[in-house]
Amino acid sequence: MMDWLLVVIGAAVGAPLRYLADRWISTFHDGAFPWGTLAVNVAGCGLLGAVTGLALPGDLVLLVGVGLCGALTTYSTFALDTVRLAEHRARGIAGINVVANTAGGLLAFVIAASAAGML
């Protein structure tokens, strides 16, 4: 199968999954913090860590790692959320958002990659 088609198929699943997960998670929180974006970013980083740790074949890496995880995680929304928080004078929450997305994503990746590598 052509590499780009695997990426497209994975992204066709990841993008709507990101949107639906973000909307669903947001229904449980009334505050300014973007919990949905944080959740999909950390989950996507964890999934990518597992894909990496398992050393999957190239086709599965393209499908799941590049396509699904690439569309599931959202750096652009994370950046927009952070800027909007700062613009609305919620700079502390904006800072927490930066730390939570960065540290949470890295930690999820490392834990999942390590756990998958032990299998």
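## N97 in helix α5

Let's start with N97, which sits in helix α5, spanning residues 91-117; helices here are DSSP runs of H or I with at least four residues, numbered from the N terminus. N97 is buried, with a relative accessible area of 1%, where buried means under 20% relative accessible area, exposed over 50% and partly exposed in between, using a 1.4 Å probe and protein chains only. Leaving aside residues up to four places away in sequence, N97 touches F33, P34, F78, D81, T82 and L85; contact means heavy atoms within 4.5 Å.

A word on the model: it is predicted, with local features needing pLDDT of at least 70 and side-chain atom pairs counting only at pLDDT 80 or more, while totals for chains, interfaces and linings use all residues. Numbering runs from 1 along each chain as its sequence is written, and side-chain values use heavy atoms, with hydrogens and water left out.

## Helix α1 and its packing

Now to helix α1. Its 24 residues reach 34 Å from the first C-alpha to the last, close to the 34 Å expected at 1.5 Å a residue; the expected span is 1.5 Å times one less than the number of residues.

Which residues of α1 are buried? They are L6, G10, G14, R18, D22 and I25. An α-helix has 3.6 residues a turn, so residues three or four places apart point the same way. The buried residues of α1 pack against α2 (35-54), α3 (58-72) and α4 (75-87).

D22 belongs to α1, residues 3-26, and counts as buried at 9% relative accessibility. Beyond residues up to four places away in sequence, D22 touches G36, T37 and V40.

How many salt bridges does a search of the whole structure find? It finds 1, a salt bridge being a side-chain nitrogen of Lys or Arg within 4 Å of a carboxyl oxygen of Asp or Glu. D22 forms a salt bridge with R23, and their closest N and O atoms are 2.7 Å apart. Side chains of opposite charge can pair when their charged atoms come close. While D22 is buried at 9% relative accessibility, R23 is partly exposed at 41%.

Terms used:
Helices (H or I, at least four residues) and strands (E, at least two) are DSSP runs, numbered from the N terminus.
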